[in-house]
Amino acid sequence: MWFYEKKLQYPVRVKECNPMLAKFLIEQYGGADGELSAALRYLNQRYSIPDKVVGLLTDIGTEEFAHLEMIATMIYKLTKDLTGEQMREAGLGGRYTDHDNGLFYENTDRTPWTAAYVQAKGDPIADLYEDIAAEEKARATYQWIINMSDDPWINDSLKFLREREVVHSQRFREAVEIIKEDQNTKKVF
Amino acid sequence: MTQKQLPEEFYPLLEELQATDFVLVELTLYLDTHPHDQAAIQQFNEFAHYRHQLKLRVEEYYGPLQQYGNSYSATPWNWNDSPWPWQI
């Protein structure tokens, strides 16, 4: 069971529309290493992972949905009230044709989100290394977007999200050690 | 779309709730992998208590933050009142 809370995890402030930046941010909405993939990856792995790390996967997976809402808010605010012409000029003509200003789970090049982004091997070490890699890839993607953005307000929110990926990666690394320790203990018996 | 006008004093309160929740989520993830850290557990419980009070103050201005009975409603039903988080 889940509860929705009617607030963002961290403020998202936008001073002016910027459809080009929105186009890049969609990568973190419906891309391979985006927040939807992250949330679904961790919450799905919970059912086959040892009990000791189920809490961590649940909590990080849940936080990813809060990040997904922050990304949606950025895209919403950056493209709000734009005309079709402005969308076309920013390279968003195809997206505008298909969705107007509706959000769609796709990456920056308009490839739709796919379940193939969400790996689940059923092996705890394989799955946790997958998760560490996913966090590092998401961190790198945030960095590349920050490098291209000159919006100080959006960059402030993006830096928050980038730092969350660092923390998640750290916690997953600790989870690997917990699993290893558990496996070694079992060998003794 | 008509949106409820929120008073100036609402915004710092919301930020305080976001900051408090940041402490709580950080401690949650940390404790998920360090379950025996007594000092962290004590800090978690103190912030959980503070959060409970802060939530009520935010809701006085904003209306219910959660549903499924975790927040009270005014009359008429005010869960659906704008602004939603992405409109703030």
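Helices are taken here as DSSP runs of H or I of at least four residues, numbered from the N terminus. In the predicted model, helix α3 of chain A comprises residues 35-45, and Glu35(A) lies in this helix. Glu64(A) is located in helix α4 of chain A, which covers residues 54-79. Asp59(A) is likewise found in helix α4 of chain A.

According to the unreviewed UniProt entry, Glu35(A), Glu64(A), His67(A), Glu135(A) and His168(A) are listed under "binding site". These positions are spread over 134 residues of sequence, yet they cluster in space, with a largest C-alpha distance of 12.8 Å. The unreviewed entry also places a "binding site" feature at Asp59(A).

The surroundings of Glu35(A) and Glu64(A) were examined in turn. Glu35(A) counts as buried because it has 23 C-beta neighbours inside 10 Å. When neighbours within four places in sequence are left aside, the contacts of Glu35(A) are Gln28(A), Tyr29(A), Glu64(A), His67(A), Leu68(A) and Ile71(A). Glu64(A) is also buried, as 25 other C-beta atoms lie within 10 Å. With residues up to four places away in sequence not counted, Glu64(A) touches Glu35(A), Ala38(A), Ala39(A) and Tyr42(A).

Apart from neighbours within four places in sequence, Asp59(A) is in contact with Thr28(B), Leu29(B) and Asp32(B).

Definitions and conventions: Residues numbered from 1 in each chain as written. Chains lettered and ligands numbered in written order. Predicted model: local features only at pLDDT ≥ 70, side-chain atom pairs only at ≥ 80, totals over all residues. UniProt positions renumbered as here; feature names shortened; annotations may be inferred. Helix = DSSP H or I, 4+ residues; strand = E, 2+ residues; numbered from the N terminus. Buried ≥ 20, exposed ≤ 12 C-beta atoms within 10 Å, placed from the backbone. Contact = placed C-beta atoms within 7 Å.
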